[in-house]
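Here's a quick briefing to read alongside the structure. Have a look at the chains first, then come back for the notes.

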Amino acid sequence: MKLAIASGKGGTGKSMVAANLAFTLARTEPVTLVDCDVEEPNLHLFFPAPATITDVTVPVPVIDEASCDHCGKCEEACQYGALTVLQSRILFFPELCHSCGGCTLVCPKGAIHEEQKRVGAVSVSAPLPDLKLISGMLDTGSPHAVPIIKAVKERAGGDPLVICDSAPGTSCPVVETLDGCDACILVTESTPFGLHDLRLAVDVAARLGVPIGIVINRSDGKDQETLAFCTDHDLEILMTIPFDREIAAIQSRGDILCQVQPEWQKAFYALFVKCSTLAGVER
Amino acid sequence: MIRLAVISGKGGTGKTMITAALAQLLPGTLVLADCDVDAANLELLLSPRLIRTDPFMGMKCAVIDPAVCVQCGECEARCRFNAVEKGKDAYQVNPLRCEGCAVCAYVCPVSAVTMQPRQTGEIMYSDTERGHLVHARLVPGAGNSGLLVHEVKKTAMAQDGDRDLFLIDGPPGTGCPLISTISGVTAVLVVTEPSVSGLHDLKRVVAVSRQFRPRILVAINRFDLDAFQVGEIEVWCRRENIPLIGKIPFDPVVIELVRKGVPVTSAGTSPAAQAIQILAANLEEELKHLDNQR
């Protein structure tokens, strides 16, 4: 089973839910936790352990100036404006390139080949006997998160139980994370910001056909509007975590709630059982 | 014109709440932009009056004509984004995965593929009490958020380029929307929080920002939740020679006023509002200094 944890709004507690779910489940079965928030990965802070790091690369064009006759076909073919053909040379802007391979295909002189360029890294560690942590990290200054998300999800491969922690937002990194997941937990907070962005996140998950359930985090008891929205859209509230300074403190120093307060494990296990039902998997 | 982007790395540290308050407090004429186009929230605090809406056309999307497709599979084989799938009688394109590269249209031997324009969002131009606001809505699940950010900034500059200050509410993260937001800005204000995640993400977003050479300033929100982590942030900022110009306490009034849909500085003298006034005064000094250098 592959579960995603997403939110729309940032800072609602995605990583907190992911870390605690993984910690609780890893006590009884093998779990693979995947940090798909490759722009700002944080899960490794909660599970420090020695890691094996490998590069993530993407193919980018390299032009053989000796064979190039500056016909301009590559510039015309590139939909991203990554190539500019001047009279005697070609300018390539790697940050605009999507690695589609179009320029290589259209070059009538065969003057373009591709070389691998590093855009980030994947780190794999085993912080607990039954917990594998796979984190993606986009190189700072590199704009494209999607290839790194693809790489970390590939690394999780066919592992039996995979939990993917998504980036905030509703655009391509979130789509890439949710794609192929059996169920998705959307973590929200009961503020107009939280609800506004929850609506958008629900929309994305629905477009991808991924079943969703809701976790309300840092609840101060004023959840009426979020609850009404969930009732209207037939969304189950899987769990409500109250606002509590102690929980905030545990989280801010990088500890795991279920380890510091083991009584929480029961609630996170119940959350997992509800997710399995959403995903249509018998537990 | 001073261009200031409020960013954070980590999501949910309080960028929007602080941007809305700064819009009230900073002097001079303003134009505002919400560059968190995935999940734009600034409008929820500034009660904008909509002036006009323009469609945002993202990258084109490949469409395969099933009547023409001969099912050779060349498009699927060449698509690097796994956007082409074999359907019942023809190949078809998954628009959520299509990045608009047009390679499929190029390789199709029977010209069954056309690249069709698609609207992936809208750009809104509005009026607020403190000046015009440019904000946007990306179709959920659409790509090109970096491009949309670029268009939002361009609209603001074209319409209100004569203002004293261009104040931008930025997106979280360090990827294309963030890079698009901070390119060409004079200064960035990084809003962080006292946690291991907050500091880790601050370091990364500062590393990205430095490549664009703006003045970098830091503020800590909810600073009283963890004194130890505040110390860590202070030590790091000092070592990196980054001015720490504001510390805002945790204050339940913040959520109360977000629920009312107004900036935290618009009602009473709560601890958070007072702290943001100090932040705004420090920011004003820093920006004045920057202006003198030009």
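This is a predicted model: local features need pLDDT of at least 70, side-chain atom pairs count only at pLDDT 80 or more; totals for chains, interfaces and linings use all residues.

Where the chains meet, 47 residues of chain A are in contact with 50 residues of chain B.

**Confidence**
- Chain B comes out with an average pLDDT of 96, and 99% of its residues score at least 70.

**Helix α1 of chain B**
- Helix α1 of chain B (residues 15–25) is largely enclosed by the rest of the structure, because 10 of its 11 residues are buried.
- Among those buried residues of α1(B) are B:K15, B:T16 and B:Q24, along with B:M17, B:I18 and B:L22.

**The A–B interface, seen from chain A**
- To recap the contact count, 47 residues of chain A touch 50 of chain B.
- On the side of chain A that touches chain B, the elements giving two or more residues are α4 (102–106), α6 (172–178), α7 (192–208) and α9 (245–252) of chain A.
- α7(A) gives the most to that side, with eight residues.
- By residue class, the side of chain A that touches chain B has 18 nonpolar, 22 polar and seven charged residues.

Note on methods:
Residues are numbered from 1 along each chain as its sequence is written. Chains are lettered from A and ligands numbered from 1 in the order in which they are written. pLDDT is the predictor's confidence in each residue, from 0 to 100. A residue is buried if 20 or more other C-beta atoms lie within 10 Å of its own, exposed if 12 or fewer, and partly exposed in between; C-beta atoms are placed from the backbone. Helices (H or I, at least four residues) and strands (E, at least two) are DSSP runs, numbered from the N terminus. Two residues are in contact if their C-beta atoms, placed from the backbone, lie within 7 Å. Ala, Val, Leu, Ile, Met, Phe, Trp, Tyr, Cys and Pro count as nonpolar, Asp, Glu, Lys and Arg as charged, and the others, Gly among them, as polar.
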